[in-house]
Amino acid sequence: MKKFSIVIAGGGSTYTPGIVMMLMDNLHRFPIRSLKLYDNDGERQETLAKAIGIVMKEIAPEVEFSYTTDPKEAFTDVDFCMAHIRVGKYAMRELDEKIPMKYHVVGQETCGPGGIAYGMRSIGGMMELIDFMEKYSPDCWMLNYSNPASIVAEACRVLKPHSKVLNICDMPVGTKRRMGYIVGRDPKDMDVKYFGLNHFGWWTSVKDKDGTDLMPQLLDYVSKNGYLTEKAVETQHMDASWQLTHKKAADLLKLEPDFLPNTYLKYYLYPDYVVEHTDPNHTRANEVMEGREKEVFSAARAIIQAGTAKGGEFSIDNHASFIVDLACAIGFNTREQMLCIVENKGAISNFDPTAMVEVPCLVGNEGPEPLCQGNIPTFEKGMMEEQLAVERLVVEAWTEGSYLKLWQALTLSKTVPSASVAKQILDDLIEANKEYWPELK
Ligand code: NAD
Ligand code: LMR
């Protein structure tokens with residue numbers, strides 16, 4: 001069996017230890033010869049990397065492990081780059097969330113003005129990673145789950161149309177797992193149809209392998225409970241604020257009783273509710289900094305201090321095993337069906353063929369092949385067209401350095417009430433993002 005060489009970009013990410021543990025747990029189906037971490041913040045990465053080095057020696061000494069801030073060292077001789085960077089880190093996420101809230105507008109990591117601001121930061125960082133990959137390992141595939149995935153995917157389409165980058169999101173994977181709990185099935189045995197943009201889509205069909213329609217049971221359950229399930233011991237989407245989000249799916253269903261919604265639609269369909277239920281002084285970024293970030297970095301420091309991980313290992317991020325499924329699909333041409341963010345090319349028949357959409361794809365050694373989802377109804381199509389225009393305008397604003405296009409993007413976002421509010425938020429965001437955004441004229 002072939003052994004692969006991997007670089008994780010965003011080595012200092014809170015997800016890195018869990019993903020490394022998950023990769024080590026999956027070596028039997030995805031063998032690795034070399035694992036490198038790369039980050040442009042050496043100090044942040046080093047804390048995690050030193051601890052991971054100790055763990056790796058104990059559980060997988062045969063895998064060569066290293067970490068670096070040097071792109072050449074990181075990207076030379078690699079088969080896969082697993083990318084999860086956060087340009088501007090949590091300090092900027094906090095501002096993305098708090099600035100719109102000053103104007104009573106949704107402040108969220110990937111949706112609305114926060115997502116637009118984050119997108120304007122991510123594009124440059126992601127394009128740089130792709131350049132490094134193509135320079136030092138031209139045959140490498142990038143599996144990207146850095147956010148905001150829609151804007152990153154659109155930037156890849158426009159700026160790197162021939163690059164081997166596959167954008168994927170964990171949210172549909174997590175929700176499908178919850179669906180599995182609801183109907184008592186293994187998610188791997190459930191076939192789905194789905195259409196949308198990233199963080200903006202709907203399941204139109206969920207079936208058993210033998211063709212049994214699971215939609216009636218799921219629609220009935222979600223209409224009463226949302227995606228809240230009793231059994232859901234996950235490593236992701238578990239905090240109290242996430243429970244409210246899973247529950248809110250019941251209200252999303254009221255607008256489209258035939259399809260199962262992506263949870264992120266709540267920011268577009270019920271922005272007033274979201275604002276009312278958000279503390280403008282303590283947003284999700286604060287929760288993550290006080291929770292996941294603190295826990296992961298404390299665990300790393302404890303391992304370094306003890307010189308061993310025995311008794312206090314990092315937990316395995318099983319929810320991220322879809323990344324291994326994806327790498328196996330490409331590496332071993334398994335042609336597994338997975339939701340990916342790809343150029344539409346007719347998969348959603350009555351939607352812009354050049355849009356980056358999220359649909360089921362067959363993934364093999366040449367990448368993802370979108371599966372046809374047919375026509376979509378007017379309500380969803382209208383929402384998606386508006387949101388697609390927002391995402392395109394962000395990429396155009398970044399590429400052209402255009403203030404006007406970014407103002408248009410914010411104005412068009414369903415989360416923003418008017419052009420004047422959009423302008424106030426934009427001017428604050430420009431000030432906050434001086435270090436990261438291109439200059440806008
Ligand atoms: P984090 O801030 O803990 O980690 C991000 C890391 O990226 C930091 O160490 C930072 O220094 C590094 N970085 C920033 N810009 C970089 C650049 N240009 N080059 C190299 N490194 C750079 O963030 P996090 O919360 O762990 O999330 C990381 C990313 O993963 C985010 O984009 C997030 O939205 C996404 N994400 C991933 C999953 C998943 O399943 N893995 C789930 C949700 C979100
Ligand atoms: C994160 O993990 O930080 C986000 O992508 C999702 C969340 O938990 O807010």
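This is a predicted model: local features need pLDDT of at least 70, side-chain atom pairs count only at pLDDT 80 or more; totals for chains, interfaces and linings use all residues.
**Ground rules**

I number residues from 1 along each chain as its sequence is written, and I letter chains from A and number ligands from 1 in the order in which they are written.

**Entry 1: ligand 1**

I looked up which residues come nearest to ligand 1, and of the 27 around it these are Ser13, Thr14, Asp39, Tyr90 and Tyr118; a residue counts as near if one of its heavy atoms lies within 4 Å. I then listed polar contacts, meaning pairs of N or O atoms within 3.5 Å. The side chain of tyrosine 118 has an N or O atom 2.6 Å from an oxygen atom of ligand 1, and a polar side-chain atom of asparagine 147 is 2.8 Å from an oxygen atom of this ligand. The protein covers 97% of the 860 Å² of accessible area that ligand 1 has on its own, by the Shrake-Rupley method with a 1.4 Å probe.

I sorted the shell by class and found 8 nonpolar, 11 polar and 8 charged residues. Here Ala, Val, Leu, Ile, Met, Phe, Trp, Tyr, Cys and Pro count as nonpolar, Asp, Glu, Lys and Arg as charged, and the others, Gly among them, as polar.

Proline 148 is in the loop between strand S5 (141–144) and helix H6 (149–159), where helices (H or I, at least four residues) and strands (E, at least two) are DSSP runs, numbered from the N terminus.

**Entry 2: ligand 2**

Around ligand 2 I found Tyr15, Arg86, Arg93, Glu109, Gln236, Trp242, Arg284 and Arg292, which by class are 2 nonpolar, 1 polar and 5 charged residues. An oxygen atom of ligand 2 is 2.6 Å from a side-chain N or O atom of arginine 93, and a polar side-chain atom of tryptophan 242 lies 3.0 Å from an oxygen atom of the ligand. Of the 260 Å² of accessible area that ligand 2 has on its own, the protein covers 94%.

**Entry 3: the annotated positions**

I checked UniProt, where an unreviewed entry places the feature "active site" at Asp170 and Tyr264; such annotations may be inferred rather than shown by experiment. Although they are spread over 95 residues of sequence, they cluster in space, with a largest C-alpha distance of 12.2 Å.

Aspartate 170 counts as buried at 17% relative accessibility, and tyrosine 264 is buried at 7%; buried means under 20% relative accessible area, exposed over 50%, and partly exposed in between (1.4 Å probe, protein chains only). Leaving aside neighbours within four places in sequence, aspartate 170 is in contact (heavy atoms within 4.5 Å) with Gln236, His237, His319 and Phe322. With residues up to four places away in sequence not counted, tyrosine 264 touches several residues, including His199 and Trp242.

**Entry 4: positive phi**

Aspartate 77 has phi near 55° and is partly exposed, at 44%, whereas lysine 345 has phi of about 45° and is exposed, at 65%.

Conventions:
Side-chain values use heavy atoms; hydrogens and water are left out. A polar contact is a pair of N or O atoms within 3.5 Å; within protein, one must be able to donate a hydrogen and the other to accept it, and residues adjacent in sequence count only if both atoms are side-chain atoms.
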